[in-house]
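Please work through the following exercises with the sequence and the structure at hand. Each task is followed by its solution.

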Amino acid sequence: MHYPVPENESARLASLLDLGLQDATGSPEFDAIANLAADVLECPMALISLIGESEQWFKARFGLDADVSPRELAFCNYTILDRQPLIVSDARKDARFRNNPLVVGEPNLVFYAGAPISIDGTHNLGTLCVLDTRPRRMSDLQMKRLRSLARAAEGLIAAYSSRRQAERARLSEQTKGQELTRVASLLDQITKLSGVGGWELELAPQKLTWTDETKRIHEVPPDFEPQLDGAIDFYAPEAQPLITRAMNDALHGGASWDLELPMVTAKGRQIWVRAAGGPTYKDGVMVSLIGAFQDISERKRTEARIRDSETAAHARTEELRTVLDNMEEGVSVFDADANLTIWNRKYIEIFGKPAGEVYQGVPFRRLLEREMDRGDFTGDIDKHLRELSDRLDRQVSVVCQLRTNSSRIINSTHAPLPGGGWVGTHSDVTDRVLEAERTEHASRHDALTGLPNRLAFNARMDAIRAENHASDRSLVLMLVDLDRFKEANDTFGHLVGDALLKGTADRLRACVRKGDLVARLGGDEFAIVIECDRRQALALAERIAGTVSQEMRRPFAIDGNRPAIGASIGFCVVPADDFEVDEIMTRADGALYKVKADGRGGYQVYDEALTEQASALRRQRTAVDAAVRLQNLELEFQPIYDLRSRRLCGAEALVRPAQRGVAGLCASELLRIAEETGTIDEIGSWILEESLREAAGWNADLSVSVDVSPRQLGTGRLHDRIRDLLEHLQFPAARLELEIPEGAFLSGDAGALGELHDIRALGARIVLDDFGSANASLACLRHFPFDKIKIDRSFVGLSATESHARAMIGALVTLATDLGMQTTAAGIATADCLRDIAALGCTFGQGRHLSRPLSARAFRKSSLPLRDVA
């Protein structure tokens, strides 16, 4: 898949790397925003995503198990292109996403709304997004809330960035402190060789003299005349004994001194001074003491700061070591010479380093050589080092993935350091990658049979055409449709039906050659794709088709049952380098249609003789499309009666072509083709609106029943259409009944069931149509609280002649009554049937004995006054 990349992609990735958030574990604060987004925006899934170079990380997630996904599958690739949110109401209809494995496969994403996340307004690092498995729309208020929550996520990331900058500042301060120590030592050496202030104590007679600088240090006026005792009094009390002893030692023993002592100036300011002195002699006789005097207060303060800084640096070093050793990621730091300087325990654990291999200063090359010895590194070491050095020199981060000899998968990111060298972060992504590979496999394979699905089929067809340019190869496409599968599924149940499909997959695989593709396109439809030499193409295709046909006629043995089905096969042969997928699918489908029309259970190769049949089918579909587009349709209404009061209570709306025999179609064929061509939504919407408009003119106690196709459910459009029409026509919702076939419930479509609940919440009544027509009908009652069930005409028609049919109808009526549901009997064709159905307790009835379908005008006349059917 291809995806767009922001114009500032390199700078954006550098900004993301600088933050250090990639592969970072989550936090309660980020999780809280994701949970709040899912709750406020009423979506089952919410993510805070970060878009890396090749992957999308989830800093926080709600409703989704994965921590990462390939970037090529990320909806968020489109969100980070702009500062505006991206809304995808239905991904299945969006060209950018409709073939995305996350849409066509698990988790079947349909709705997406994401707002970009940036902390500088320029680089979009990721998104805050919500997702759903059904289509949705976003209100202005929800959009505002999405943006607000995205700003909150940006605030958390900005706080994270601030903490990271503070850590860098701390390391910088530590470096400065070390430099300060060196400078302080240098200053100390200089001060030993030079005096700032001076003094002299003449001994006979005793006289003390200070230089101007010494007076300045003592903060006395220039004309101050110092005395020995007074000079000693300037020193702090604890320092006075020290300076007195030093002077006595000098006077009596000739010793010199060099002391750093606290003192208090004449203005009361506390300072530190360096006092140095010693005796002078003349003709061998001590005549004076002289010395230097210096204010070292600033140096003392500097030393104090350095001591505090060193203490703090030591504490922070220990803290950093603790943090590194408790990280979920491995960390390794290499200097400009590619020697290891810093690492943590996780680095050793992730790579499985043996004792003694990792030590301070070990070269990166030696580490690679040891990994190669163990089989964990299989590349060219020199080439790897050259490529790594080249990219780091260009200040580009290097992301790579390693699979070790022990099947461990490790993601490593090497980020360049300003002064040379790099820092590496390493994550064990074994579980995540294997899960992604399983997800990728699942997205391209059928969960039941394990065969490639339609997505994989399309990819294979595209690959064949691309790889066989101007070749002498042929492509054979076979479409295999199972015969009598529905009957077997209905007779033996869905478990046996599933086993039949799996057994079919096994038999089809056994019929083809290694390298041929067998795919399940959906339901009981399979495809076989064969590449072969052009000269043998037709013979090979007929041989395989014959083998498949013969194999599929053999009964299956499943749990003591022996269902027998069969297969209809249509195929075509085309040049492998010159075909259109839609065209050859149409050809193979035309051949398959011919097999079915001839009674099924065989195979047919496409030839030009089938062109007219395919054209006829296209004409029928075109006629249906035109009837819908031009609204060349009309409604009839079949009355429904209350069998207890024997009075008219409503009618079922039935659609008919306005001109009989349009394209040779009856009403049921019209609806079938409408479903096949995708125009059923338009027909269904027209039927609904016209039925409600007509019923709005009936008596207020008459209801109208409208059939709904399963294809109309699951998108939310039917609910919205009903809501708008009820409001616009002021039509009471309780007078509207929707008749739903059991297929809408047995499919397990959560979106369809959810929409029916929403429609029922409007006040409309939901009817289970054709109840009893299949042995799985009872299962429908577990899925939805119906208001009414309509008993299938196949039971009702037999009620007057077969006792078992009456017994079953009676049981169905009792079951419905116990579940709080009403019943309608369809297809009451005779007076005896009416009598039996009423006696069995059915609530309502319809059929030609009571009344044939009437035009809208005729029904209006019959409904005023209410007609007694006794």
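Helices (H or I, at least four residues) are DSSP runs, numbered from the N terminus. The model is predicted, and local features need pLDDT of at least 70, side-chain atom pairs count only at pLDDT 80 or more, and totals for chains, interfaces and linings use all residues. Residues are numbered from 1 along each chain as its sequence is written, and side-chain values use heavy atoms, with hydrogens and water left out.

**Exercise 1.** Describe the setting of Ser 443.

Step 1. Ser 443 belongs to helix H13, which spans residues 430-443.

Step 2. Ser 443 counts as buried because its relative accessibility is 4%; buried means under 20% relative accessible area, with a 1.4 Å probe and protein chains only.

Step 3. A polar atom of the Ser 443 side chain lies 2.7 Å from the backbone oxygen of Glu 440.

Step 4. Leaving aside residues up to four places away in sequence, Ser 443 touches Pro 101, Asn 453 and Leu 455 (contact: heavy atoms within 4.5 Å).

**Exercise 2.** Determine how H11 and H12 cross.

Step 1. The axes of helix H11 (residues 364-374) and helix H12 (residues 381-393) come within 11 Å and cross at roughly 140 degrees. Axes are lines fitted to C-alpha atoms over the stretch in contact, and angles run from 0 to 180 degrees between N-to-C directions.

Step 2. H11 is therefore oblique to H12; angles under 35 degrees count as roughly parallel, over 145 as roughly antiparallel, 65 to 115 as roughly perpendicular and the rest as oblique.

Methods. Helices (H or I, at least four residues) and strands (E, at least two) are DSSP runs, numbered from the N terminus. Buried means under 20% relative accessible area, exposed over 50%, partly exposed in between (1.4 Å probe, protein chains only). A polar contact is a pair of N or O atoms within 3.5 Å; within protein, one must be able to donate a hydrogen and the other to accept it, and residues adjacent in sequence count only if both atoms are side-chain atoms.
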